[in-house]
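Subject: Structure handover and findings

Hello,

Here is the structure I said I would pass on. My notes on it follow below.

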Amino acid sequence: MRPDLTPARQNAHRIVDPQLVLAPFYAALLRVERREPGAVVRILHYGDSPSTADLITADVRALLQHHFGDAGHGVYLIAKPWAWYDHRGVYSKSSGW
């Protein structure tokens, strides 16, 4: 996924999955990469404040969308539950919640 990295460096960042529980996920990504009709992979990153500010998630989303295609921004709340809630590329304004 990172052509700018050497093979050894790419292997250093691989997820260890000896029971192959991620095999269906990787198979779904392969279908998207092959541009098979109807192939879409949705990933949910459930986390804390860096996730709600879209700090880490925006960068990961951009990398995945660059490689696999853009299936949208993902989940976005209808109102900001706290001041730092944000989503890169989405603008919203609300009041009275």
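On one side of helix 4, Leu55 and His66 are exposed, exposed meaning over 50% relative accessible area, buried under 20% and partly exposed in between, with a 1.4 Å probe and protein chains only. Helices here are DSSP runs of H or I of at least four residues, strands are runs of E of at least two, and both are numbered from the N terminus.

Before the rest, the conventions. This is a predicted model, in which local features need pLDDT of at least 70 and side-chain atom pairs count only at pLDDT 80 or more, while totals for chains, interfaces and linings use all residues. Residues are numbered from 1 along each chain as its sequence is written, and side-chain values use heavy atoms, with hydrogens and water left out.

Overall

The protein has 4 helices and 0 strands, and the order from the N terminus is α-α-α-α. Of its 97 residues, 16% count as buried. The accessible surface is about 8000 Å², and carbon and sulfur atoms hold 61% of that; the areas come from the Shrake-Rupley method with a 1.4 Å probe, and for residues only the protein chains shown count as cover. Among contacts (heavy atoms within 4.5 Å) with a separation of 6 or more, 39% are between residues 24 or more positions apart.

Helix 4

The 14 residues of helix 4 should span 20 Å at 1.5 Å a residue, and the end C-alpha atoms are 20 Å apart, so the two agree. The expected span is 1.5 Å times one less than the number of residues. Thr57, Ala58, Arg61 and Phe68 are the buried residues of helix 4. Viewed down the helix axis, these buried residues fall within an arc of 120°, so they line one face; the arc is taken from the directions from the axis to the C-beta atoms. They pack against helix 2 (23-33) and helix 3 (49-52). Just after helix 4, glycine 69 has a positive phi of about 110°.

Threonine 57 is in helix 4 (residues 55-68) and counts as buried because its relative accessibility is 13%. Leaving aside residues up to four places away in sequence, threonine 57 touches His45 and Ser51. Its side chain also makes a polar contact of 2.5 Å with the side chain of aspartate 54. A polar contact is a pair of N or O atoms within 3.5 Å; within protein, one must be able to donate a hydrogen and the other to accept it, and residues adjacent in sequence count only if both atoms are side-chain atoms. Aspartate 54 is buried, with a relative accessible area of 4%.

Salt bridges

How many salt bridges does a search of the whole structure find? There are 2, a salt bridge being a side-chain nitrogen of Lys or Arg within 4 Å of a carboxyl oxygen of Asp or Glu. One joins the side chains of arginine 61 and aspartate 54 at 2.8 Å, N to O; arginine 61 is buried, at 16% relative accessible area. Another joins the side chains of arginine 88 and aspartate 59 at 3.1 Å, N to O. That pair links distant parts of the chain, with arginine 88 in the segment after helix 4 and aspartate 59 in helix 4, 29 residues apart. Arginine 88 is partly exposed at 46%, and aspartate 59 is partly exposed at 42%.

Regards
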